[in-house]
Amino acid sequence: MKNKQEKIKHDKKVIKNFIKLYCRKNHLEKGVEVYKDDLCKDCYELLNYAYMKLDNCPLDPKPMCKKCLIHCYSKKNKEKIKQIMKFSGLYLIKHGRIDLLLHYYF
């Protein structure tokens, strides 16, 4: 079992990859300008918001966010993250990257 810091580091990697995939397919390929770290401004800010929430998680062991009882994300950002996770997960499945999806969750 991973300790809390390892879990947070893993979760940051997953959320960053999922946001990058979502941003590339839904924003950058449609002409939105790259802001920082290969992300548009909105996605970059959402990623930093997610990192802040992960870093400040009071629970130990840290649960998966979707199974958490606290739900520390604002309603607006929670909906954005759900949309991004759904899009990116389905994208990976449709493009034969189940191996990558399994790597993120196991």
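Which residues in H1 meet which residues in H2? Before I answer, please keep in mind that this is a predicted model, in which local features need pLDDT of at least 70, side-chain atom pairs count only at pLDDT 80 or more, and totals for chains, interfaces and linings use all residues. Residues are numbered from 1 along each chain as its sequence is written, and side-chain values use heavy atoms, with hydrogens and water left out.

To the answer, then: from H1 we have Ile 8, Asp 11, Lys 12, Ile 15, Lys 16, Ile 19 and Cys 23, and they meet Cys 43, Leu 46, Leu 47, Ala 50, Tyr 51, Leu 54 and Asp 55 in H2, where contact means heavy atoms within 4.5 Å.

Let me turn to H1 itself, which covers residues 4–26 and spans 32 Å from its first C-alpha to its last, close to the 33 Å expected at 1.5 Å a residue; that expected span is 1.5 Å times one less than the number of residues. Helices here are DSSP runs of H or I with at least four residues, numbered from the N terminus. At the start of H1, a side-chain oxygen of Asn 3 comes to within 3.0 Å of the backbone nitrogen of Gln 5.

Asp 11, which lies in H1, is buried, with a relative accessible area of 13%, and by buried I mean under 20%, with exposed being over 50% and partly exposed in between, using a 1.4 Å probe and protein chains only. Leaving aside residues up to four places away in sequence, Asp 11 touches Leu 54 and Lys 62.

Now the packing of the helices. The axes of H1 and H2 (residues 41–55) come within 10 Å and cross at roughly 165 degrees, the axes being lines fitted to C-alpha atoms over the stretch in contact, with angles from 0 to 180 degrees between N-to-C directions. The two helices are therefore roughly antiparallel to each other, a term used for angles over 145 degrees, whereas 65 to 115 counts as roughly perpendicular.

With H3 (residues 75–94), the axis of H1 comes within 9 Å and crosses at roughly 80 degrees, so H1 and H3 are roughly perpendicular to each other. Among the residues making this contact are Val 14, Phe 18 and Tyr 22 of H1 and Ile 81, Gln 83 and Phe 87 of H3. Gln 83 is partly exposed, with a relative accessible area of 46%, and although Gln 83 and Tyr 22 are 61 residues apart in sequence, their C-alpha atoms are 9.1 Å apart in space.

Methods
A polar contact is a pair of N or O atoms within 3.5 Å; within protein, one must be able to donate a hydrogen and the other to accept it, and residues adjacent in sequence count only if both atoms are side-chain atoms. Angles under 35 degrees count as roughly parallel, over 145 as roughly antiparallel, 65 to 115 as roughly perpendicular and the rest as oblique.
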